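Let's take a friendly walk through this model together. Have the sequence and the 3D view open, and follow along one contact at a time.

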Amino acid sequence: MSTVLEHALQVQAGPGNLPTKPSHPAELTAVRLSMDPTRLVHPAEPPIDEKLYSGFLEHLGRCIYGGIVDNPKAPSPKELLISQEDGSGRTKGRAGFRKDVMGILAKDGELEVPMLRWPGGNFVSNYHWQDGIGPIENRPKRIELAWLSTESNQFGTDEFIDYCRATGCEPYICLNMGTGTYEEALAWLEYCNGTGDTYWANLRRKNTGRDEPHGVKYWGLGNEMFGPWQVGNLSAADYTKKAKQWAHGLKLVDPSIKLVSCGNTGSSDWDREVLATMVQFADLHSIHFYTMLGHDKVGVQGNDYEKNVFGPAAAERSIEICKSLIDLSNIDRSFMGYQPRDVKVCFDEWNVWDESKAPGAVGLEQWYDYTDMLGFCAWLNVLVRKHKDIGIACLAQSVNVISPLMTRPDGICKQTTYYPLRLFSRYMKNGHLLQLPSMPDVYSGPSYPAFIQQTLLKPAYIDLVAVLVKTQSGASIRLSVLNRHPTLDWKADCSFAGFKIDKAEVHEMYSDDLSAVNTFDKPETVVPKIASLSASEFDKQGGWTVRKHSWAFFIFDGQLE
């Protein structure tokens, strides 16, 4: 049946019996949050991995030039830069690293970023890595087809590795499966990881002045190869045939690497077809999703608040479906005598992205307002809740491009989304997910994407996630509470079994203005309000009021009983 005919039949059938306007409950149900360290969601699983808070650097807009390194067209003061020139010809002309940005992105910095994905993104499908090595003065400028710009190639493989070493972040490189060749990919891996007396390994030694390899463990087999916007896009069948061949050769060059197959959203037929074969060859499966992308072009118009704060429910379902597709492939293969493989989801592009606010023409520079921040908190809750099935998650992106950080030559602005990310990346890892009660009040109105409503996902108004972390002094319970109701407060009535509180710290994000943003002129318009309380002081509160359309983050330090 043709798409046109299907659409015509849907129009004739009408909108169905689902609500076409939001209808929020007149009151929120009081539910006691009973937290017991012995009641873990996944007691036999490893703790939450720090790679859940990885970053992403793409040659797009001001992410690289003017973001992590100096922009020669708008240079920063010398005191903000870490020079990358050591007086040798190898480093002449290198752009300095932005010291202020490094202080935030470093593994021991404010956001504690453990891994960086590079160089794309859509950019990678027309990127040829050999353009970005050797003396800066000899590197060619190229037409960049993904975002229709010019790439200087001043920042290439060796600069990326040096940046990762300087920040303590693990490198993750995505291969060009659009215009790139099989031989080019094998050579890139040899250049990075080769230890023998071979051409590409020796060229790396010449270019870096060091004998040791770059040691890149994670390699992505292309980026969004399903998409018509992708240079060299492929059908699922053609991609799978190509990726299988590349995986075989890459593992011959270096058997220790981890390969990431290219997926779609995790819930598409592309994912099903690719995983049916690539489970045997890949170690992780990449999926991408952006809430609010295209919300103004598809489906019911308006309701932007609801679309934003409830949108991450779609990503949660996509993770679940992707895990089911991995399971399906393993089950099918088991009947053929193959051993199952524990392939994890690699959610290496996720974020709130409203293209109407941040189109490609402005380098995807979105100034995140307060409502965007609430949607971002819902994303963070989802990632922690589904951590068992996620090997890596990369926020897209790390600087300037749909990012929590915006720069200008002389400084940084921390966006509304920076503050919840900082708390999650510091506190919601190296621990285990706690069981929490289900919240009875759910949203069933129009959503984006529409399948949230159509498949009756019914995301809760009170969105919760809690983690137990063993500490040197005892234990700590960290609780994230997102109140998505637009007009009603909700009291968090916390109780504990087998855990004695010594002190509590509460970080609250609230604004009456849903469109409030942080700017260079007013950088603290939306920042957390922090309360530190002793155990007795917290008990006297009789519960903590989480205000309408707000987010609260609780840190309970104490002892296991």
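Asp 493 is partly exposed, because its relative accessibility is 26%; here buried means under 20% relative accessible area, exposed means over 50%, and partly exposed lies in between, with a 1.4 Å probe and protein chains only. This is a predicted model, in which local features need pLDDT of at least 70 and side-chain atom pairs count only at pLDDT 80 or more, while totals for chains, interfaces and linings use all residues. Residues are numbered from 1 along each chain as its sequence is written, and side-chain values use heavy atoms, with hydrogens and water left out.

Which residue does Asp 493 meet in a salt bridge? The partner is Arg 32, at 3.4 Å from N to O. A salt bridge here is a side-chain nitrogen of Lys or Arg within 4 Å of a carboxyl oxygen of Asp or Glu. This pair links distant parts of the chain, 461 residues apart: Arg 32 belongs to strand E1 (residues 32-35) and Asp 493 to strand E19 (residues 490-496). Helices (H or I, at least four residues) and strands (E, at least two) are DSSP runs, numbered from the N terminus. Arg 32 counts as exposed, because its relative accessibility is 52%.

E1, E19 and E22 form an open sheet of three strands in the order E1-E19-E22, with mixed pairing; two strands pair if DSSP finds at least two bridges between them. At the edges are E1 and strand E22 (544-546), each pairing on one side only. From one strand to the next, the twist averages 35°; axes are lines fitted to C-alpha atoms, for helices over the stretch in contact, and angles run from 0 to 180 degrees between N-to-C directions. E1 and E19 run parallel and are joined by four bridges. Look for Met 35, which stands opposite Phe 496 in E19.

Next, find strand E18 (residues 474-483), where ten of its ten residues are buried. Strand E17 (residues 462-471) runs antiparallel to E18, and ten bridges join them. The two form a hairpin with two residues between them.

Now back to the salt bridges, of which the structure holds 31. Another of them joins the side chains of Lys 51 and Asp 49, at 3.3 Å from N to O. Are these two buried or exposed? Lys 51 counts as buried, at 15% relative accessibility, whereas Asp 49 is partly exposed, at 34%.

A further salt bridge brings Arg 94 and Glu 159 together, at 3.1 Å from N to O. Arg 94 lies in the loop between strand E3 (81-82) and strand E4 (97-98), and Glu 159 in helix H3 (residues 157-167), so the pair ties together parts that are 65 residues apart in sequence. Both residues are buried. Through shared partners, salt bridges join Arg 94, Arg 139, Glu 159, Asp 162, Arg 210 and Glu 212 into one network.

Aromatic rings come next, and the structure holds 36 aromatic pairs. Rings of Phe, Tyr and Trp (its six-membered ring) pair if their centres lie within 6.5 Å; planes under 30 degrees apart count as stacked, over 60 as edge-to-face and the rest as tilted. Phe 97 and Tyr 163 are edge-to-face, because their planes stand at 80°, with the ring centres 4.9 Å apart. Phe 97 is in strand E4 and Tyr 163 in helix H3, so this pair ties together parts 66 residues apart in sequence. Phe 97 is buried at 2% relative accessibility, and Tyr 163 is buried at 0%.

Trp 118 and Phe 155 make another edge-to-face pair, with centres 6.2 Å apart and planes at 75°. Both Trp 118 and Phe 155 are buried. They belong to one aromatic cluster whose members include Phe 123, Tyr 127 and Trp 219.

Finally, look for charges over rings, meaning that NZ of Lys or CZ of Arg is within 6 Å of the ring centre and within 35 degrees of the ring normal. Arg 117 lies over the face of Phe 56, at 4.6 Å from the ring centre. The charged end of Arg 547 sits over the ring of Tyr 510, at 3.7 Å from its centre.
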